Amino acid sequence: MDVEIKQYLDDSLVALNSIVLGKPGEIKLALTAVLAAGHLLIEDLPGMGKTTLAQAMSKVLGLTHQRIQFTSDVLPSDVVGVTVFNQHSGEFSFHEGPIFCNFLLADEINRTTPKSQSALLEAMEEGKVTTEGVTRALPEPFFVIATQNPSHQTGTYPLPESQLDRFLLRIQLGYPDSDSERTLLKSGNRRNMISDCEAILDVEKIKLLQQRVSQIRVSDALLDYLQRLAEFTRQSELLHYGLSPRGLMAVLSAAKSWAYLSGRDYVIPEDVQAIFPAATDHRLRDQSGKAASTLLSTGAWVLTQVDVIN
Amino acid sequence: MNAKQHPFGRWRDSARFRSWLNRRVPPQKEITLYLRNIFILPSRQGVYFSLLMIVILIAGINYQNSLAHALAFLLMSLFMVSMLHTYRNLSGLVIVAGKAGEAFAGDEVDFTVTLSCAGGRQHEALTVYWHGHLQTQADLVDKSEIALKVRTNATQRGWFDPGRLTIETGFPLGLFRAWALVDLDCKALVYPRPVAEDSPPLLAAGDSDDFYLRGEHSDDFAGVRNYAPGDLVRAVSWKASARLGKLMVKEYASSSGSLKWLDWQLYEGVDEETRLSHLTYWVNEFSEQGESFGISIPGVEIQPTAGESHRQEVLRTLALFGTDAA
Amino acid sequence: MTGLAARNALAWMLVAQVAVLAPMLLRFPWWISVVCFCCGLWRVLIYQQRSTYPHWSIKAIFVFLTLAGLLLQWKSLLSLEPWIGLLLLMFSLKLLEMQRVRDVYQAILLGYFVALTHFLYDQSFLSSCYTFACVLMITAGLVGCQQVRADLRPWLPLQKAAVLIFQAVPLMLVFFVLFPRLAPLWSIPQAGSMAVTGISDQMRMGSISELTQSSKLAFRATFADRLPGSQSLYWRGLVLNEFDGETWSRQSSSHNSNLYRSGRRAPQWLSDREVISEPVRYRILMEPSQQKWLFTLPMVMPAANWKIGLSSEQHLVFSEPIRNRIGFNVQSALRYRVDTNLSQSERAYYLRLPAEGNPQSRSFARRLNESSADKQAVAEAVLAFFRQEQFYYTLRPGRLEGETIDQFLFASRRGFCGHFASSFTFLMRAAGIPARVVVGYQGGEFNPVGNYIEVRQFDAHAWSEIWLQGLGWVRMDPTAAVAPERIELGIEAALQEEGSFLENIPVFWLKLRGFAWLTEVRFQIGAWSHYWNSFVVGYDPVMQLNLLSRFWEGIQIQDLAHLTLLSFVAMMFLLAIVLLRSVKGRHYSEIVLVFNEFSALFALLGYPRLKHEGPLDYCHRLALQRPDLAEAINEFSEHYIARSYAGDPAISVKALKRRIFGLRLRLLKPVS
């Protein structure tokens with residue numbers, strides 16, 4: 001059973017890699033977020049394949065999916081739904097918004113107003129929606145992939161730090177390498193490929209996988225390493241603020257899924273290192289880029305500063 | 001706590017002493033205490049104790065009392081052993097400068113200092129303080145690291161150097177006092193002292209087009225609600241009304257308010273420090289209310305936005321205004 | 001360092017204070033105890049936060065009252081007691097202002113001082129142990145002042161103090177043995193009225209019974225070779241030669257005030273001593289008695305110590321009251337003849353009686369004298385009288401008033417050694433035989449563990465000596481005539497039926513003499529304290545030089561000073577090494593050390609682990625760099641990761657170490 005379920009996972013990876021070319025690490029991170037029951041933020045310039053990845057994932061994971069294209073006039077009710085008066089029955093009824101699904105693709109989340117952003121993010125955090133005093137649970141599992149443009153682009157409302165914290169991982173796709181790009185150019189439209197693609201996983205399987213991940217073993221030695229990392233971010237003069245306990249928990253659960261994806265039932269420091277930049281870059285802020293050189297993100301810089309074995 | 005208690009007393013401030021200390025214990029981010037940077041002398045109690053020892057010995061000699069001799073010798077040995085223990089309590093301690101807290105001039109500023117043991121020893125009853133300021137007690141027992149907040153007074157805005165940190169201990173018997181004076185080479189950014197005033201130096205609306213336009217759009221569209229008599233016709237959402245079959249009214253939230261520009265130039269006949277103090281006050285006020293604001297001081301202009309990091313950036317600019325580090 | 005004292009410090013200080021005061025209070029007037037108790041109670045109430053610190057005026061009144069009390073009690077401040085009393089009171093009053101850490105320090109210093117005064121009164125083994133336990137508790141108070149941990153358990157200061165004292169003991173022993181023992185630097189007030197124990201130089205009818213009720217040790221005697229039989233264990237202390245009708249006392253006169261000390265010119269009487277049997281050699285270790293008398297077997301030879309004088313009445317006298325335990329070697333000829341040529345004036349001296357009183361006894365003596373053939377027969381007749389008439393040996397003789405000798409001899413006939421010796425000597429003098437009362441101890445208990453005889457106060461005894469022509473002074477013990485078992489088996493046997501032996505001492509383990517194992521324990525403890533007394537308490541300048549000259553011929557006091565300094569430096573050095581060693585990095589867990597060993601090995605080969613490199617990454621890199629070792633490296637990394645991160649218990653640290661060893665071997669092997 002265990003092998004079988006793992007096989008599905010590997011198949012999903014292969015399928016995703018065939019659609020989004022040249023990004024195996026990012027795809028693994030995206031699946032990591034799913035297995036850790038966390039949300040994913042993809043940040044990159046337009047046209048880098050953010051939406052493609054998100055769509056492909058929704059397809060492969062076999063989850064009911066919705067998409068919201070955020071613009072500046074999207075209202076919170078457009079996200080969570082609205083209560084309307086039904087003239088035939090003479091009663092108020094709730095029209096569920098797109099958020100009522102397993103897999104929500106929130107495109108260009110930083111184009112909309114903070115009000116709508118927070119409507120979404122609160123739902124992400126709580127797993128439920130409260131409108132007009134009625135609380136409605138979202139389906140399980142509930143998974144959000146949000147994409148955003150780099151915040152220095154015009155017409156954006158950058159997500160505040162408190163809301164960024166709700167994303168387990170933030171990844172950047174970046175330009176594909178030349179081989180992948182060439183394949184892309186040759187094979188043409190991805191959209192058809194996505195619609196041709198078949199669902200490999202489903203809700204039950206994902207729940208099972210998530211349960212497996214939660215059983216991954218974590219040794220004291222590894223916890224020591226995690227704590228050293230957190231302590232470093234808190235003590236470093238070059239960072240504005242350190243990693244919060246929630247941030248550290250996020251690192252741990254992401255590391256566990258990564259370990260599972262890598263075929264281990266225990267976490268090793270390399271798992272932590274693999275997800276650390278994605279899990280912490282949006283949670284840490286260095287003082288005007290002092291800490292991280294131009295080559296390293298903040299999280300990656302932190303990794304270089306902390307001894308793995310101590 | 002007071003300078004009198006300090007064994008170096010008056011001359012710890014003398015230039016000769018400081019330059020000697022700088023050569024002996026140079027400034028470092030991380031310092032391990034050992035023979036070279038630990039000083040140890042009998043404490044006042046220690047002096048009394050040795051007098052007591054001598055009196056007991058004399059009593060033993062005069063009364064030809066063998067056990068009084070033994071008692072005197074035991075106390076003497078205890079004295080010597082406690083010296084070793086007191087020294088040991090400091091040696092092997094690693095002191096690492098951490099982050100300084102934020103503070104306004106005239107307030108107290110916390111420096112984080114991390115103590116850890118390099119020797120796998122226990123270090124008990126350590127007192128850590130900046131000269132003349134609040135003492136912090138710490139123990140390193142059954143753990144290898146502890147982070148302390150050591151407080152001092154921030155006197156001036158800008159980069160504040162607290163001087164040398166004292167780590168001292170009398171453990172276990174208090175007969176000796178071992179201490180180290182370490183310069184951790186750490187600085188705290190001290191913001192100008194906020195000084196309240198009645199109205200903010202806000203750039204009037206219309207002075208900047210950018211400001212004006214953004215002000216209009218900054219009201220968030222929050223949703224629709226049922227029409228109630230008295231609502232402006234202009235506010236009726238016709239689209240929603242058509243869909244729902246009754247009159248709905250658009251609602252705006254104005255939580256973020258209009259954008260504000262704090263402007264240095266609006267003060268006249270006020271000296272620089274006072275201007276900075278007033279500006280600091282308003283930065284705090286606006287940040288507390290979550291309002292967006294921008295600031296313009298000579299040489300620097302920061303675009304209006306809100307949030308913690310924005311506040312820090314602005315305060316930092318104010319703190320370093322006119323200093324070398326700006 | 002100021003601020004409120006930690007509660008732990010206070011708690012230990014209070015405990016130590018009670019402990020250190022208790023034995024002293026027993027030795028001082030009751031009102032001092034009352035003051036101490038009140039202060040202690042008040043302090044406990046403050047500690048429990050049910051009371052507050054007293055106002056300064058109250059404290060001032062307290063101080064005034066106690067000072068007045070001290071002056072009233074002792075009248076003068078020239079002796080030691082009022083000062084010790086003052087110390088005790090100040091120590092207790094300190095409680096009421098023991099508020100800040102500084103006060104606790106002062107109290108602690110006073111506490112050490114009170115501990116010192118214990119030793120001025122008692123240096124016995126058990127009491128010294130007790131005092132050092134007090135010192136430990138006081139030190140715990142000192143530690144408590146320093147420890148500020150919130151999680152402090154009350155035992156921790158004591159534990160720390162114990163460690164410190166344990167480490168201090170070797171250094172202390174060095175000082176104790178080597179530090180030059182000096183003569184007193186100046187004369188000091190002695191504990192004047194410190195209770196005089198043991199035999200006094202006066203004997204009323206019945207006064208010895210107080211001694212008989214005490215089990216305190218008087219002295220110990222260690223015999224060099226053989227032990228004399230119990231009948232000859234008459235430890236002579238002093239001679240009472242004057243009778244005033246009620247009390248026998250000691251009068252100095254030209255006849256006996258002349259002491260002979262070794263090295264002085266021998267007086268005339270010294271030549272009138274004849275040794276018949278080979279003298280026995282023994283060593284006496286005397287407890288402090290606050291008197292000058294030393295106790296020896298007759299006939300004692302002059303002692304070598306110049307401080308010990310030999311009186312013409314054949315007993316030894318110390319040059320000053322015995323305030324500390326002293327030991328001395330002596331010899332005694334158990335068979336002897338002394339003073340065979342007693343001068344006429346001396347003969348008269350030992351015949352003196354009050355002009356009148358006890359007429360019945362006088363006429364009885366006269367009658368015996370007339371009916372007997374010679375002087376010895378008179379003595380025999382008196383002894384026969386004691387034996388044949390209804391005389392009882394008892395510790396409850398009842399009170400005698402007025403003509404005490406008459407009453408005793410012809411009416412009550414109940415008494416103990418004092419009564420018998422007193423009346424016997426009276427009868428002898430009345431009969432014209434020179435006679436004197438001798439006071440001392442008789443018998444003693446042999447301690448097989450320490451191989452010495454232990455003489456306690458209840459062994460106190462009085463007997464007579466009469467002078468017979470041609471024989472000199474002859475010992476006569478009338479008590480033996482009445483109760484021979486007193487001499488042969490000891491006082492306990494003599495009083496067995498009566499049950500009055502040690503009856504005033506409620507629970508005393510000596511009463512449990514019937515149990516064999518208890519006796520064994522008692523002997524053990526006795527032996528211990530004997531060694532303690534001889535080698536620790538009795539460690540004086542003479543013993544120090546004797547001991548050390550065994551190792552260093554002709555050692556001088558200057559050498560001692562140098563030796564002390566040298567050993568002190570050496571000991572400190574040793575201690576410093578022990579205490580300060582191991583400053584070698586942080587405390588790593590075993591498994592981390594193993595990996596560090598592994599990476600150190602490859603660092604030597606030029607592939608150090610980068611700080612941020614995880615074990616798997618590092619091993620992959622190593623495997624790439626050293627394909628020849630790749631297999632071993634990968635195996636190691638697999639096992640290490642399984643152990644450290646997967647928590648696989650099957651892989652032991654030892655096995656990992658073996659793998660490193662294997663790698664080392666392979667690296668050492670020349671490339672084939």
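Analyst: Let's start with strand pairing: two strands pair if DSSP finds at least two bridges between them. Helices (H or I, at least four residues) and strands (E, at least two) are DSSP runs, numbered from the N terminus. This is a predicted model, where local features need pLDDT of at least 70 and side-chain atom pairs count only at pLDDT 80 or more, while totals for chains, interfaces and linings use all residues. Residues are numbered from 1 along each chain as its sequence is written, with chains lettered from A and ligands numbered from 1 in the order in which they are written.

User: Fine. How many helices and strands are there in chain A?

Analyst: Chain A has 13 helices and 9 strands.

User: Which strands pair with β5(A)?

Analyst: On one side, β2 (residues 65-69) of chain A is joined to β5(A) by 5 bridges, running parallel. There, A:Gln69 has A:Asp107 of β5(A) as its bridge partner. β5(A) also pairs with β8 (residues 143-148) of chain A, again in the parallel sense, over 4 bridges.

User: How do I read a helix pair, say α11(A) and α12(A)? At what angle do their axes cross?

Analyst: Two packed helices are described by the angle between their axes and the distance between the axes. Axes are lines fitted to C-alpha atoms over the stretch in contact, with angles from 0 to 180 degrees between N-to-C directions. The axes of α11 (residues 245-261) and α12 (residues 269-280) of chain A come within 8 Å and cross at roughly 135 degrees. That makes α11(A) oblique to α12(A) (under 35 degrees is roughly parallel, over 145 roughly antiparallel, 65 to 115 roughly perpendicular, the rest oblique).

User: Which residues make the contact?

Analyst: Contact means C-beta atoms, placed from the backbone, within 7 Å. Among those involved are A:Ala250 and A:Trp258 of α11(A), and A:Ile275 and A:Phe276 of α12(A).

User: How many residues meet between chains B and C?

Analyst: 46 residues of chain B are in contact with 50 of chain C. α3(B) gives the most to chain B's side, with 18 residues.

Terms used: Two residues are in contact if their C-beta atoms, placed from the backbone, lie within 7 Å.
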